[in-house]
Amino acid sequence: MSNPSQHLFFASGYAAAGQPGIHAFTLDDATGALSPVGSFVGVTNPSFIVIHPNGRWLYAVSEGGSGGSVWSARLDSMTLQLLNHQSSGGNGPCHLCFDATGKWLFVANYGSGGAGVLPIQDDGSLGEMTGHVQHHGSSGVNAKRQEGPHAHSSTMTPDNRFVIVADLGLDKLMVYAFDAQRGTLTAHAEVATRPGAGPRHLAFHPNGQQVYVANELDSTVAVYDYDAANGAFHEAQVLSTLPADVPGNTVADIHIDEAGKRLYVSNRGHDSLAVFDVAQDGRLTAVNIRPCGGAWPRNFALAPGGKFVVVANQHDDGIVVLPLTNDDEAVGEPVARGAVAGASCVQFLM
């Protein structure tokens, strides 16, 4: 954007194809004030979106219908032009990520428990799927949520050699070797979490040596050391994201700041953000657990510059801006709100 004090971002949620499901806002870097820029229709339940590193293309999952799909769109003067869509290779697509080259898009299918690879064409549209993996089995610890495989995210390792698929239903991090020439996945390793943890989302430390895993079902964050040479992960620490004796909570999203000094995790049910300090060795120390400014914080995004966090509160049909502080308070009171039906995802245009 031409004005460095205004950060453009997109927020999406659960909406019918004929209703606005993707919204654009600007965030004022000084005050945290929000300004709506536009709303866009055409994608059913775009519950997760990502913006290509070139800033020109946006991709969205669609959870509608009997099978899931992934849509591509072109960003042009703050408008969104849909390009095409491809099958997600399963049901209930819930997460997207790019490889380091920006030529491949990974999709995780929660409903059917698998993941796929889609090629990104020169015009930003999506080609047909080149690689797919289907998980099998069940952890079974949580009878309702772990009756089968449920892939909840795909995350690239910093060296672009491996893809980690967090499977909530299996209590496993499934590690696949990635062929960046052919867009294919090959089984490499399985990392078992603690029984009943339900791994959901991951965040790598900027140094590439640790990965932090948000465990949805037991409301914890786990620290794994990453052995890049062997594509191996070793659990080093586990901390709760909640105060003592808090029932009925599930963890959602996780992010680390640009400096690698603070880690944030969202709690749905307790409706809060858990904040941790990150030591030089990557280990965590709990700092605070602060209200998220709404109900059911699904995903959130740290604004460029590190002054604010924007939280998608699904049950409030809205997003909220919270100031970030370097002291033990960590997260301040809401300074702005925006309307987003079934709010579930926030992505900044970097």
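Hi everyone, let me start with the second largest pocket: its lining residues divide into six charged, four nonpolar and three polar. For the classes, Ala, Val, Leu, Ile, Met, Phe, Trp, Tyr, Cys and Pro count as nonpolar, Asp, Glu, Lys and Arg as charged, and the others, Gly among them, as polar.

A word on the source: this is a predicted model, where local features need pLDDT of at least 70, side-chain atom pairs count only at pLDDT 80 or more, and totals for chains, interfaces and linings use all residues. Residues are numbered from 1 along each chain as its sequence is written, and side-chain values use heavy atoms, with hydrogens and water left out.

Back to that pocket. The second largest pocket has a volume of about 160 Å³. Of the 13 residues lining this pocket, Y110, R145, H152, R200 and R298 are the closest to its centre. On a 1 Å grid over the protein atoms alone, a pocket is an open set of points with protein on both sides within 12 Å along at least five of seven lines, a cavity is a set where a 1.4 Å probe fits but cannot get out, and lining residues have an atom within 4 Å of a point. Grid points are joined across faces, edges and corners, and a volume is the space filled by probe spheres set on the points.

On to the cavities, then. By this rule there are two cavities of 30 Å³ or more. The largest holds about 40 Å³ of space, and its lining is made of G21, I22, F40, V41, G42, V43, P46, L80 and L82. By class, that makes seven nonpolar, two polar and no charged residues.

The second largest cavity holds about 30 Å³, and is lined by S47, F48, C94, H152, R200, H201, R298 and N299. Strands β16 (199-204) and β24 (297-302) are the elements that give two or more residues to this lining; strands here are DSSP runs (E, at least two residues), numbered from the N terminus. Its classes are two nonpolar, four polar and two charged.

β24 takes us to a sheet. This open sheet has four strands in the order β24-β25-β26-β27, with antiparallel pairing; two strands pair if DSSP finds at least two bridges between them. β24 and β27 (336-339) are at the edges with a single partner strand each, so one side of each has no neighbour in the sheet.
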